[in-house]
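Dear colleague,

Please find below the structure that I am handing over to you.

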Amino acid sequence: MPKETGEKLIASNKKARHEYLIIDTYEAGMVLTGSEVKSLRMGRASLVDGYVFIERGEAWLDAAYIPEYLNGSWTNHAPRRKRKLLLHRHEIDKLYQKTREGGLTIVPLRLYFLDGRAKVEIALAKGKKEYDKRQTLRERQDRREAERAISARKHLGE
């Protein structure tokens, strides 16, 4: 059987990019059980409520939803259990220091397979104020309208 290569997206947390200003991103491996991996291979997961915390020098992903494997038995996993993240010591120390300074948090952005291994992209982030969110939406809408106008102009000229 050929080895899996490339990146396959399982879940992304679009809400996090709206709610937070992303400062820095990290790629972390995850300690998973067999039924969790099988459930992820079926493409089922949600990071919406998930968050990352550091406890006793270890990074943990909590409240991310990986549903039970449909064909699993009594060995199935709990859907919202906390899962250990695999990061280098210096990355964990840096994240711990930044979150202790205040105002910063760690949020999961994407869950994906990279060359057959489950990875999670986490971000050091700062919460946006309501007016920042509105400003971001307004900029996106203005950019979209400008692209539409350019596209319409090109079609009229042809």
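The notes below set out what was found in this structure, which is a predicted model.

I begin with the overall layout. The domain assignment divides the protein into domain 1, covering 7–127, and domain 2, covering 130–157. Between the C-alpha centres of domain 1 and domain 2 there is a distance of 32 Å.

The largest nonpolar core comprises 25 residues, and the residues with the most contacts inside it are Leu-85, Leu-87, Leu-95, Leu-111 and Ile-122. At least two residues of this core come from each of the following elements: strands S1 (7–12), S2 (20–30), S3 (51–55) and S4 (58–62), helix H3 (89–101), and strands S6 (104–114) and S7 (117–127). To return to Leu-95, its contacts beyond four places in sequence are Tyr-26, Ile-54, Leu-87, Ile-106, Ile-122 and Leu-124.

Glu-36 belongs to helix H2, which spans residues 34–41. Is Glu-36 buried or exposed? Its relative accessible area is 0%, and Glu-36 is therefore buried, the cut-off for that class being under 20%. The side chain of Glu-36 forms a polar contact with the side chain of Arg-81, at 2.8 Å. Setting aside residues up to four places away in sequence, Glu-36 touches Arg-81 together with Val-31, Ile-66, His-77 and Arg-83.

The aromatic residues complete the account. A search of the whole structure returns 1 aromatic pair. Tyr-51 has a relative accessible area of 36% and is partly exposed. Phe-53, at 21% relative accessibility, also counts as partly exposed, because buried requires a value under 20%.

Two arginines are placed over aromatic rings. Arg-41 lies over the face of Phe-113, 4.3 Å from the ring centre. The charged end of Arg-110 is positioned over the ring of Tyr-112, at 4.4 Å from its centre.

Yours sincerely

Note on methods:
Residues are numbered from 1 along each chain as its sequence is written. This is a predicted model: local features need pLDDT of at least 70, side-chain atom pairs count only at pLDDT 80 or more; totals for chains, interfaces and linings use all residues. Side-chain values use heavy atoms; hydrogens and water are left out. Helices (H or I, at least four residues) and strands (E, at least two) are DSSP runs, numbered from the N terminus. Buried means under 20% relative accessible area, exposed over 50%, partly exposed in between (1.4 Å probe, protein chains only). A polar contact is a pair of N or O atoms within 3.5 Å; within protein, one must be able to donate a hydrogen and the other to accept it, and residues adjacent in sequence count only if both atoms are side-chain atoms. Contact means heavy atoms within 4.5 Å. Rings of Phe, Tyr and Trp (its six-membered ring) pair if their centres lie within 6.5 Å; planes under 30 degrees apart count as stacked, over 60 as edge-to-face and the rest as tilted. A charge sits over a ring if NZ of Lys or CZ of Arg is within 6 Å of the ring centre and within 35 degrees of the ring normal. Domain bounds come from an automatic or database domain assignment. A nonpolar core is a set of buried Ala, Val, Leu, Ile, Met, Phe, Trp, Tyr and Cys residues joined through side-chain atoms within 4.5 Å.
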